Every structure is written in structure tokens, then in C-alpha cells.
Amino acid sequence: MKESHLGRILMESRRGMTQDQLAEVMGVFKAAVSEWETTYPDIFMLPSLSAYFDLSIDEPMGYEPQMDKTEIRKWYDRLAKECITFLFDQALKLCLELADE
């Protein structure tokens, strides 16, 4: 996970909206909004903030998946084939080994 961009994203997303206005919408004090822009909000506020600004929670937190959709599809196809070919215990063992990687 990379560094959080939450503060920058909140400031950009507010687009002219004051901290007071955002605080009113979110049901918090202005000081909380100011703190969010320099540190992190309460984790329970992330869904509300994300929904209000039409963002995924991943983006402001700096999360990027380790695999892209093509890689995920490749592994899915391989594991689906392995699950058909091997006994369940062998397929499960392979899945766990791949998950560890």
C-alpha cells in the first residue's frame, strides 16, 4: 500500500465547499474535517466520505491491487482447471501455496 492521499483528495473534492459545509453534511465539527485533511478520518467515516464524493475507499487510502485483471483471470483459469483435475485436497494445497506467494 502506498501513502494515503486522503487529505489531498478531500481538499480537491470539496471544490469550493468549505470545511464548515462538509462538516455539516457529515455531522461532525469543522475541526474533524481539518484533521482529516492532515491525518486520517475515523475509519467509520470513510464510507460516507467516499459515497458523498463518489470515490472508492481504495483511492484515498492509496491502495492498489497487487495484480491486474488480466493476471487475476490467468490465475482463476489455472486454478479452475486444477480444481477439476486434482482431488480437492491437492487443489486446496495449490491454492494456499499460490496465496502465500
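Trainee: Which residues in the largest nonpolar core touch the most other members?
Mentor: Please note that this is a predicted model. The largest nonpolar core holds 13 residues, and L10, L22, M26, W36 and L49 touch the most other members.

Trainee: Which helices each supply at least two residues of this core?
Mentor: They are α1 (6-14), α2 (19-26), α3 (30-36) and α4 (46-52). The largest share comes from α2, with 3 residues.

Trainee: What does W36 touch?
Mentor: Leaving out residues up to four places away in sequence, W36 touches L6, G7, L10, M26, V28, P41, D42, M45 and L49.

Trainee: And V33, is that residue buried or exposed?
Mentor: V33 counts as buried because its relative accessibility is 0%, and the cut-off for buried is under 20%. This residue is found in helix α3.

Trainee: Which residues is V33 in contact with?
Mentor: Apart from neighbours within four places in sequence, V33 contacts Q19, L22, A23 and V28. In the case of A23, which is 10 residues from V33 along the chain, the two C-alpha atoms are separated by 6.1 Å.

Trainee: Why does L92 count as partly exposed?
Mentor: L92 counts as partly exposed because its relative accessibility is 37%, and that class lies between the cut-offs of 20% and 50%.

Note on methods
Residues numbered from 1 in each chain as written. Predicted model: local features only at pLDDT ≥ 70, side-chain atom pairs only at ≥ 80, totals over all residues. Heavy atoms only, no water. Core = buried A, V, L, I, M, F, W, Y, C linked by side-chain atoms within 4.5 Å. Buried < 20%, exposed > 50% of the residue type's maximum accessible area, 1.4 Å probe, protein only. Helix = DSSP H or I, 4+ residues; strand = E, 2+ residues; numbered from the N terminus. Contact = heavy atoms within 4.5 Å.
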